[in-house]
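Me: I have a model open and want to know what its labels rest on. Can we go through them one by one?

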Amino acid sequence: MGNAIEVNHLVKSFEYYKKDIGMKQSLKNLFFRKKLVKEAVNDVSFTIAEGEMVGFLGQNGAGKTTTLKILSGILHPTAGNVSVFGYTPWERKKQFKQIFSIVMGQKSQLWPDLPAGESIFLNKCIYQVSDEDYRRTLDELSELLDVKDLLGVQVRRLSFGERMKMELIASLIHRPKLMFLDEPTIGLDIISQRAVRNFLKYYNEQYQATIILTSHYMKDIEDLCPRAILINAGSIIYDGELKKINAYHDERKLIKLHFAEPILSEPLRAFGELKEFDGYYAVIEVGKEEAQICLQQCLDRFPVMDFTIEDLTIEDGIVELYRGSA
Amino acid sequence: MNVVIELRRHLYILALFAKNSVISQMEYRANFITGIFVEAAFLMAKLLYVVIVFKTNLHIDGLTPDAILMFMGTHILLTGIYMGLFYNNFQRLTEYVRSGMLDLMIVKPISLQFLVSVRYIEVGMPIPNIIAGSVMVAIGWSASEIPFTFLNVALFIAFMFIATIITYCIMIIPALLSFWFVNTSAASEISYSVWDANNMPYMIYNKWIQRIGTFFIPVFIITNFAPLVVLHKLTRVEIVWAIVAPIVLFVLIRVLWKQAMKAYSSSNL
Amino acid sequence: MIRNKYAVAFRIGFQSSLEYRFNFFLSLISAVFPMIVQYYMWTAVYANAGESSIFGYSYREMIMYTVLAAVISKLVITNIEYSIAEDIKSGGLNKYIIQPIYYFGFRISSYIGQRLIYFVISLFIILALTYALNTFYNLHTEEERMIIFCLSLILSIILSFMISYAICACAFWLSEISYFFVVTSLLINIMSGGIFPLEIFGERLQQLFRYMPFHYMIYFPVNVLNGKISGELIWQGIIGQAVWIALLALICHLVWKWGMKRYLGLGG
């Protein structure tokens, strides 16, 4: 399969005004304002293959959403090339708009005072979906998400999770082969989060849809996306398999120890980096090779009640990466 | 052929919007009724001008108070049309830009300008204006002894249509400014007060204001030309201009719209 | 300490009026358009009627009334209702109950701060216009009248704040309020003579308006400057303004006390 998305040296900068506090500054601002430039996306390049499911990770304001908005044609970039299925997104061609959809967890395209079915039907007309396809897709999706009985209920009477499911149906009614999801699970309870995740997985597998996802919940990305792109301060700091994100950390292990009686922290520091400690419980980070020996010595020297040796979590790896790029 | 299909599709979607708007507004019956009251209050303020015209037996440029009433009625009628079709949408456009809601509309495969311009049709608010305006036009019409022929009625309606397009083009400008400026309430306020320049037939203004308001920012066409044409008081040049102006204006707004879209920097609220 | 807090409220209001400079300049322009419309309308009316006095005003007096009323109505229409109603609706009042700052004091300080520039410029415009109209129509406005006018204008600004503040209390009881304020501010503007002099309403309605506080906001100060009201009537009017301010202070106090009881009852 070919590439769905190619991004080369993408740059997006925003202009903003600096405002100082105080009466004098306010008066000054009336006549003169200092313009500043912020690089939201700074020289970003990547490619995504058709049918891939990729997670964008990054802190607030890292540039994830801005990148998504450029890919979907909402924003013009300052510089760089983007090709999405051969289209330049910000030309906003009608054919281009037919092949993708974007879902934002914090923005709703549904009419709050109408049943969700009406908004979905409106999208059917806007996207020029044939009656037959519309019936079929609506039946299939509403059944999968288990909201068939709720299509006739006013959106503002729906729960948050139900609303997001309707949002998904509305944006998939034209069967896009590309989906952008910006925090689709934000504010959802665990059950709804899982339902949304399972659904996305199904849609990706069933229709070979390319899906790009941003989320604050590691679980979303871990479950869904084999590949992750990590963005920090507008630049990509990691692009590859999520599991390998802590390649460096594969060389490290965590030893977790529970003690029968309180001990002092000082002797523990000799073994490695002491990550957590409260007298009865300690977490030490050590090299892979030393782990065995360290543990042996700890068992000998301290009243250890229980212990485990673990890999570092992906989140640990990500935090480490941020620290490295800062 | 393609144009016909597209036109039908847009009209169909427009009908859907109208249906959805009506259902939505029926949800809030109290708002619906208070909306009517608000407009009735504004209508009252406008009727003060009528009071003055009749109390002082005002004649302008050979127009009797009854003929003037027809101009005022046209103005009120168009205020109703503006309130019903555009006012809410333009207010919302500013809101979409500020909150970044526009993002979800940009990605739809349909003209964005169409989508945001006619998404909400207001049902309650225009009622007082449309009733009062129609009555005033009817009274003015018959008192001015204009023949009630098919041609006259068709002409009047055609000029109302032209007026609606010009209204759209002029009144959308403040909303478009919100792509560049955070707070545009003063610009809206100015556009409302320019709108109210049509409270009176434009013959009361001096020549220069008349020219600017007819040819430069053609607000005066909106409420003056429809009555003037049935009174046979439009020159040939003015009739041609009445046909050309909405086209030129619409093209200009289209250009401005495209500029605005380029300036759009989606907000992350 | 408390004085300090009001100063901060004042400053915040002042700064926020400077924040949106584009808007600020445009809002000055928007006041001009209605003036133009009415100027031409009255010119046509007087030219057509051929009488020197209509509704008891000479042409010059009418033009002066129209121009000054437009400026003053911009000055005295407070527009604070929305933010106060918002505070009441969203529970924003809570923080004023906890903090040792009176809500009324906070509001009036912030309001004056926000409108200060507008006050100064409006006053400047009024004086300039009076001077211009005087020279243009060869009239004379005595200095004494100017001073009394300034006094009555200050009183009418306070009066309009009181009226707005009293009306805001409706937010304690009404659920949908924003429409309500649009209607009240429009009606108040009409009844205070902000659009047309009250004489156009005819004898009976005018009598009714005299028993209400609104005409003291615009109609009275404008006609003081205009010369329509003179002699003892001026002082009667000033006393009338003062009486209404006192009366409204009492009304504000009562309705807000009553409203607060309800607010606290609901808020728990």
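Reply: Start with contact, which means heavy atoms within 4.5 Å. By that rule, 32 residues from chain A and 34 residues from chain B take part in the contact. This is a predicted model: local features need pLDDT of at least 70, side-chain atom pairs count only at pLDDT 80 or more, and totals for chains, interfaces and linings use all residues. Residues are numbered from 1 along each chain, chains are lettered from A in the order written, and side-chain values use heavy atoms, without hydrogens and water.

Me: What makes B:E6 and A:K94 a salt bridge?

Reply: The term needs a side-chain nitrogen of Lys or Arg within 4 Å of a carboxyl oxygen of Asp or Glu. Here the N to O distance is 3.5 Å, so the pair qualifies. The rule finds five salt bridges across the interface of chain A and chain B.

Me: How is the area buried between chain A and chain B defined, and what is its value?

Reply: It is the accessible area (1.4 Å probe) that two parts lose on being put together, summed over both. The value is about 3000 Å², and carbon and sulfur atoms give 61% of it. In chain A, A:K107, A:W111 and A:I126 lose the most area to chain B, together 23% of what that side buries.

Me: Which residues of helix α10 of chain A are called buried?

Reply: Buried means under 20% relative accessible area, and exposed over 50% (1.4 Å probe, protein chains only). A helix is a DSSP run of H or I, at least four residues. In α10 (residues 291–301), A:A291, A:C294, A:L295 and A:C298 are buried.

Me: Why are the buried residues of α10(A) said to line one face?

Reply: The arc is taken from the directions from the helix axis to the C-beta atoms. The buried residues of α10(A) fall within 95°, so they line one face. The face turned away carries the exposed A:Q292, A:I293, A:D300 and A:R301.

Conventions: Helix = DSSP H or I, 4+ residues; strand = E, 2+ residues; numbered from the N terminus.
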